[in-house]
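My notes follow as numbered points, to be read with the model open beside them.

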Amino acid sequence: MKKIFVMFALMTGAVSAFAQNAADSISAETGRVTMTRELYPGQEDGDLYHGLTRKLTFDRMVPPYGLEVTYDKTTHIIFPSAVRYVDLGSPNLVAGKADGAENVIRVKAVVRNFRDETNMSVITESGSFYTFNVKYADEPLLLNIEMKDFIHDGSKVNRPNNALDIYLKELGSESPKLVQLINKSIHKENKRHVKHIGSKAFGIQYLLRGIYTHNGLLYFHTQVRNQSNVPFEVDFVTFKIVDKKVMKRTAIQEQIVFPLRAHNYATVVAGNKDERTVFTFDKFTIPADKVLVVELNEKSGGRHQSFTVESEDIVRAKVINELKVK
């Protein structure tokens with residue numbers, strides 16, 4: 001009888017072990033990974049990574065630029081668009097935007113002759129990511145450096161030294177590089193889809209040439225024509241949503257709409273010349289009892305211009321086909 005009980009216990013244990021292995025395989029198939037020795041061996045393999053890990057390959061790397069800095073001189077780096085983010089890998093470096101320039105970074109060493117190599121990363125408004133390996137040099141070979149944006153061909157042998165896939169919060173799900181390309185395309189195409197909105201006085205004409213939309217963003221194409229002999233200096237441009245019935249608007253009754261981007265923003269329009277600008281906005285609509293007032297103000301002058309945009313003008317915005325954007 002005892003032998004029968006012992007055999008029954010052994011059979012029960014074997015069945016339990018088989019069931020456990022089957023459960024492990026089922027859980028793995030359903031996505032619930034069970035850490036077992038058969039699947040994930042111990043650290044005797046010398047690998048620091050364990051579990052479901054894929055090693056990064058070189059085709060995923062953004063190659064860094066080599067940058068030399070020194071203590072007694074400042075290195076300036078000029079980027080194709082405004083700088084939004086700078087990270088320094090060591091307190092041995094100091095960096096910041098050049099005064100009055102959004103796309104120029106100045107870098108120098110805080111400590112003389114620091115030995116260890118460090119790094120620096122930069123993100124620009126166009127969605128580009130740049131990385132640098134930085135070391136100390138008594139006499140840097142390059143002190144003034146100009147970076148250039150480009151789109152690589154995607155091949156493994158031609159990796160870019162800047163990545164163009166950075167997304168910025170204010171642009172939502174839209175790629176900053178695509179926004180830049182759309183702005184350039186609208187400006188280059190130069191078609192007038194809107195022909196009833198504008199103002200003219202004192203030899204200055206301010207026109208809205210088109211309203212476009214793509215992926216939750218609005219694009220306003222404007223033009224300033226100076227038909228006088230006196231240059232027109234732009235002080236500022238404002239976009240405000242105001243009540244139609246209120247003649248004298250106050251700050252409380254105005255809702256300011258700020259552009260996210262301004263492509264080819266001209267500050268001076270020479271005599272008998274014209275300039276065009278493309279403004280990018282986050283999507284907005286206007287209630288039926290309100291209008292969008294666009295005001296162009298002259299610096300140290302009185303030739304101010306303004307026009308209004310109705311709700312129906314915005315909802316009829318022309319949809320951009322990104323396949324045709326060049």
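1. Two residues are in contact when they have heavy atoms within 4.5 Å of each other. Among contacts in the chain with a separation of 6 or more, 64% are between residues 24 or more positions apart. This is a predicted model, in which local features need pLDDT of at least 70, side-chain atom pairs count only at pLDDT 80 or more, and totals for chains, interfaces and linings use all residues. Residues are numbered from 1 along each chain as its sequence is written, and side-chain values use heavy atoms, with hydrogens and water left out.

2. The chain has 3 helices and 20 strands (DSSP runs numbered from the N terminus: H or I of at least four residues for helices, E of at least two for strands). Of its 326 residues, 36% are buried (under 20% relative accessible area, with exposed over 50% and partly exposed in between; 1.4 Å probe, protein chains only).

3. Do look at the largest nonpolar core, which has 27 residues (a core being a set of buried Ala, Val, Leu, Ile, Met, Phe, Trp, Tyr and Cys residues joined through side-chain atoms within 4.5 Å). Phe-220, Phe-284, Leu-292 and Val-309 have the most contacts inside it. Two or more residues each come from β11 (204–214), β12 (217–226), β13 (232–243), β17 (273–282), β18 (290–298) and β19 (305–309). The largest share, 5 residues, belongs to β13.

4. What does Phe-284 touch, leaving aside residues up to four places away in sequence? Its partners are Leu-218, Phe-220, Ile-241, Val-257, Leu-292 and Ile-314. Apart from this core lies another, of 18 residues, including Leu-67, Ile-105, Val-107 and Tyr-130.

5. Thr-75 belongs to strand β2 (residues 75–78) and is buried, with a relative accessible area of 0%. Beyond residues up to four places away in sequence, Thr-75 touches Leu-67, Glu-68, Val-69, Ile-105, Arg-106, Val-107, Leu-142, Leu-143 and Ile-145.

6. Leu-207, in strand β11, is buried at 4% relative accessibility. Its C-alpha is 6.3 Å from that of Ile-197, 10 residues away in sequence. Ile-197 is also one of the residues that Leu-207 touches, as are Arg-192, His-221 and Phe-307.

7. The second largest pocket holds about 290 Å³ of space. On a 1 Å grid over the protein atoms alone, a pocket is an open set of points with protein on both sides within 12 Å along at least five of seven lines, whereas a cavity is a set where a 1.4 Å probe fits but cannot get out; lining residues have an atom within 4 Å of a point. Grid points are joined across faces, edges and corners, and a volume is the space filled by probe spheres set on the points.

8. Why does the second largest pocket lie between domain 1 (58–146) and domain 2 (179–319)? Both domains give residues to its lining (the bounds come from an automatic or database domain assignment). Helix α2 (176–189) and strand β15 (261–263) each give two or more lining residues, and α2 gives the most, with 5.

9. The count comes to 1 cavity of 30 Å³ or more. The largest cavity has about 80 Å³ of space, and its lining includes Tyr-206, Thr-222, Glu-275 and Leu-296. β17 gives the most to that lining, with 3 residues.
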